[in-house]
Amino acid sequence: MSVSTPTPPGRSRGTGSGSGGAIVHRTRRTAELMLLILALAIGVGAYAIVGLAREGSIPADIVVYGGGLTALAVAAHVVRRFFAPYADPVLLPIAVALNGIGLAMIQRIDMSLEASDSPFGPFGPSQLLWSAVGVALFCAVLVVIRDHRRLQTLTYTWGLVGLGLLILPLLPGIGVNINGSRIWISMLGFSFQPGEIAKVCLVVFFAGYLVVNRDALALAGKRFLGIDFPRGRDLGPILVAWAASLGILVFQRDLGSSLLFFGIFVVLLYVSTERPGWLFLGGGMFLGGAYAGYYLFGHVRNRVEGWLDPFGDIDTYAQIVQAQYGLAWGSLLGRGLGEGSPTLVSYAWSDFIATALGEELGLTGLMAIILLYAFIVERGLRTALICRDAFGKLLAVGLAVSLALQVFVVIGGVTRLIPLTGLTTPFLSAGGSSLVANWAIIALLLRISDHARRPPPEVWAPEPDDATQVVKLR
Amino acid sequence: MSEFTLTLIKFGFLALLWIFVLSIVSVIRSDLFGARVDPGQLAKESPRAPKQPKQSKRRRGVPTQLVITEGSNAGQTLPLSGETITLGRGTDTTIRLDDDYVSSRHARFVTNGEEWFVEDMGSTNGTYIGSSRVTRTTVINAGTAVRMGKTVVELRK
């Protein structure tokens, strides 16, 4: 079975049709710059509006936030220009816009929290600091990883690092239990969610592993009900992934991550083998696990009941009920930035930032934000389509799908489409680990995209030399 | 700050958000349809093109193109430029063969500038010239049929 995604006509280079020159993707660096300016206008504008609405004047520290955000965007753009000149032009501006909207919203929530003497916050300053760390990591990834295929040589190392990071919060001493989930580590006064970084490592591992083993997983198997199911002996990896995600569910009580890891693995299995059987199998296994979880664990049952009938017990499910009211109050056009009351929902700055935005920007604004995520995913999948090596394809699909799943799970959760699971909203939520990991994901996507869109190198053809007669075999 | 101004600002910000979304759409759109054949690239290749016949004139019998004569890719041709040509089912090959009996990297054609050689790259089903399996780098002349899986390839003048 060859690579899952067929190369679209006209994009294949040198596939022997005789005629035809090289198809060159435009670099679109100027387009990116224009989009970046718009993205910055959104981020800085949002903060200015918050100040105008709440205090009647543009906040004084807009110089710090606006300047900081602009400096970060310019730094990222310059590094991108030099180290990934052919990369996709829309990924970076979207990341900057989302990060900017998140920063403004977190600032705005800080103001409300301060006014109501809440024990939480402020989250704004640390969020700006973490944005800087994220962009630094973005630049580092682009500078250090010049060819994404180098990652493949360390497949199992990435897997081990990912697993280690996942287990880290369970270790006594550094792991801490927050809100019933044991997914945090606390060191030197900083708390960090290693699962977010583990996600990136595991996607690299899954991609590297499946590139090597997909043939065995794809070719053998039997057909049942019109779907090709794999052989029993090839089920090992999916069983391990399933057990690991159940382990996360049981020991860390983190429904979201459990769903995310298993989902990424199943989708990558499907993409690499082109067998829908894996999707059915994986979906069935997840449903089975979730069903068992529902009866075994109280917190799973709570989440499901809060999903089906939160209004039946308003005190217990106050958070999700308030979030629904917030969205309804926001309606089509929103209250306007700074004019809603998103802090009525607890954790409006992290898990529930999507409903806070829905309240103040309305359906119109929330749709735009969801579309921005959709664009990141689309560009990721497009990168996978035009990428020439199988590892790059799988890695790009994995990264795009991880983002898509995460956005679906968290925004679906807070809007009551699916049971609520605690995950961060990429780029928007307050939280350093998530922000840093997502900047790394964007950098990796840009790296693969740069590689895929780069014009093929001129092949150096040696001048034939009659005298020597050396057979040159590369 | 009056209520009216704030409402205007609110609409302004939503408009800005959607302008951003729409400009992304337009960049993506031009990216989809804007990929172009680089004239510079073609110009660079064109001086090489007249050079090629000159070389072949110098030595009669040097093949100038690779033709697939049988199999699902039958009819495809590739002009020979002196670069190594790899064949197989994989995406990283020069010619991607749509043939279930071909390995992802099956065989390659190489030249030393004088003659062409075929080399099996460790394929599962082997590469054959006539009925003999290619086990090492073998010289092929124009017109010799090289078979891999259900595909037959030959070099032509």
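Two strands count as paired if DSSP finds at least two bridges between them, and strands (E, at least two residues) and helices (H or I, at least four) are DSSP runs numbered from the N terminus. This is a predicted model, in which local features need pLDDT of at least 70, side-chain atom pairs count only at pLDDT 80 or more, and totals for chains, interfaces and linings use all residues. Residues are numbered from 1 along each chain as its sequence is written, chains are lettered from A and ligands numbered from 1 in the order written, and side-chain values use heavy atoms, without hydrogens and water.

**View 1. Meet the open sheet of chain B.** Its six strands run in the order β3-β2-β12-β11-β8-β9, with antiparallel pairing. At the edges stand β3 (77-79) and β9 (132-133) of chain B, each with a single partner strand, so one side of each lacks a neighbour in the sheet.

**View 2. Here is a pair of strands in that sheet.** β2 (residues 65-70) of chain B joins β3(B) in the antiparallel sense over three bridges. Look for L66(B), whose bridge partner in β3(B) is L78(B).

View 3. L163(A), I167(A), L170(A), L171(A), V250(A) and F251(A) make a patch of about 510 Å² (residues with over 30% relative accessible area and no salt bridge, nonpolar side chains joined within 5 Å; areas by the Shrake-Rupley method with a 1.4 Å probe, only the protein chains shown counting as cover for residues; a salt bridge being a side-chain nitrogen of Lys or Arg within 4 Å of a carboxyl oxygen of Asp or Glu). Helices α5 (155-167) and α7 (236-252) of chain A each supply at least two of its residues.

Definitions and conventions: Patches are made of residues with over 30% relative accessible area and no salt bridge: like charges are joined within 9 Å, nonpolar side chains (Val, Leu, Ile, Met, Phe, Trp, Tyr) within 5 Å.
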